[in-house]
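Please open the structure in the viewer and keep the selection panel at hand.

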Amino acid sequence: MEVALVVLVVALALSFDYTNGFHDAANAIATSVSTRALTPRVALLMAATMNFAGALLGTEVAETIATSIVDLTGASTHAELAVVLCALLGAITWNLITWWFGLPSSSTHALIGGLVGAGLAGGMSVYWSAIVDKVVLPMVISPLVGFGLAFAVMIAVLWIFRSAAPAKTYRRFRIAQTASAAAMALGHGLQDAQKTMGVIYLALLTVGWANPDTGIPLWVKLCAAAAISAGTYSGGWRIMRTLGRKIIELDPARGFVAESVSALVLYVNAFVLHAPVSTTHTITSAIMGVGATRRLSAVRWGVAKNIAIAWVLTIPAAALVAALATWALWPFLT
């Protein structure tokens with residue numbers, strides 16, 4: 001039973017990683033595709049490659065997910081694995097719902113919400129202070145920083161190139177977008193693949209199949225990197241349309257700035273703060289920021305409002321689904 005549960009958790013975790021890839025592929029490439037800096041398939045291939053590379057760059061976020069969300073100490077092995085399993089069910093369900101409606105919600109917060117909901121339903125303790133410090137505060141601050149920094153950088157770019165020939169400048173920014181999209185994809189792999197690593201690592205620690213002193217096994221890193229890359233390459237066209245065209249019609253300069261600022265925010269949170277922030281929140285707010293430099297009415301705030309509602313609902317909705325799954329499956333899993 002124990003071995004079967006671990007195998008099921010690993011399989012579900014990699015399935016979540018795959019849905020994360022196609023759900024969040026738009027984060028990295030929507031701006032580049034919408035400005036025609038890259039063709040869709042080239043952009044997806046680049047994003048998949050950089051996602052794989054980013055997934056292997058660090059483990060700090062993974063360790064936060066594994067050790068700072070739910071306290072599983074004292075519970076039976078089957079109960080711990082059941083919590084992780086139901087958390088993944090909640091996260092995958094919410095990912096699929098928001099993907100269907102083309103809403104760029106956060107896979108990160110879906111997973112965290114799933115862990116909280118399953119943990120509470122299973123009678124576990126939740127590290128609320130860590131969730132506030134490493135989830136809630138970054139969830140609020142990162143979009144504000146993304147919006148404000150993107151707005152400021154875009155104003156600077158417009159001033160610097162105020163006398164340049166528009167056609168020539170656009171061509172150069174279209175080329176530069178290749179680099180900024182790659183940087184964004186690297187940051188996405190760095191942040192999001194690590195969350196899957198954290199869940200698998202948590203399951204392995206539960207049954208003693210991993211050593212906390214040696215960290216996350218290499219095979220876990222490679223599997224998580226491969227799953228998110230495969231999901232990315234399969235594409236997330238519904239959400240890509242929302243990010244690339246429905247919020248604002250982007251030009252190459254604004255696309256470059258939005259991607260560059262988002263990548264910077266992701267790197268700082270991963271390497272410095274060890275916080276699992278949402279790539280979706282960061283790039284969406286950056287797109288709004290660069291769009292607002294044109295004029296506030298250029299941003300389609302109705303679309304932005306629908307996205308914001310999905311953001312707010314993600315953690316409680318995923319927590320609810322995970323809790324329901326826990327209550328339904330608990331007698332069979334423990």
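Begin with the lining of the largest pocket, whose residues comprise six nonpolar, three polar and two charged. Here Ala, Val, Leu, Ile, Met, Phe, Trp, Tyr, Cys and Pro count as nonpolar, Asp, Glu, Lys and Arg as charged, and the others, Gly among them, as polar. The model is predicted: local features need pLDDT of at least 70 and side-chain atom pairs count only at pLDDT 80 or more, while totals for chains, interfaces and linings use all residues. Residues are numbered from 1 along each chain as its sequence is written, and side-chain values use heavy atoms, without hydrogens and water.

Select Ala66, Thr67, Val70, Asp71, Leu72, Thr73, Glu80, Tyr127, Leu202, Leu205 and Thr206, which line this largest pocket. Its volume is about 200 Å³. (On a 1 Å grid over the protein atoms alone, a pocket is an open set of points where a 1.4 Å probe fits, with protein on both sides within 12 Å along at least five of seven lines; lining residues have an atom within 4 Å of a point. Grid points are joined across faces, edges and corners, and a volume is the space filled by probe spheres set on the points.)

Next, colour helix H3 (60–67), strand E1 (70–71) and helix H7 (166–206), each of which supplies at least two lining residues there. H7 contributes the most, with three residues.

Move on to the second largest pocket, with a volume of about 160 Å³. Among its 14 lining residues, select Leu158, Phe161, Thr169, Tyr170 and Ala253, the closest to its centre. The lining of this second largest pocket has 10 nonpolar, one polar and three charged residues. H7 again gives the most, here four residues.
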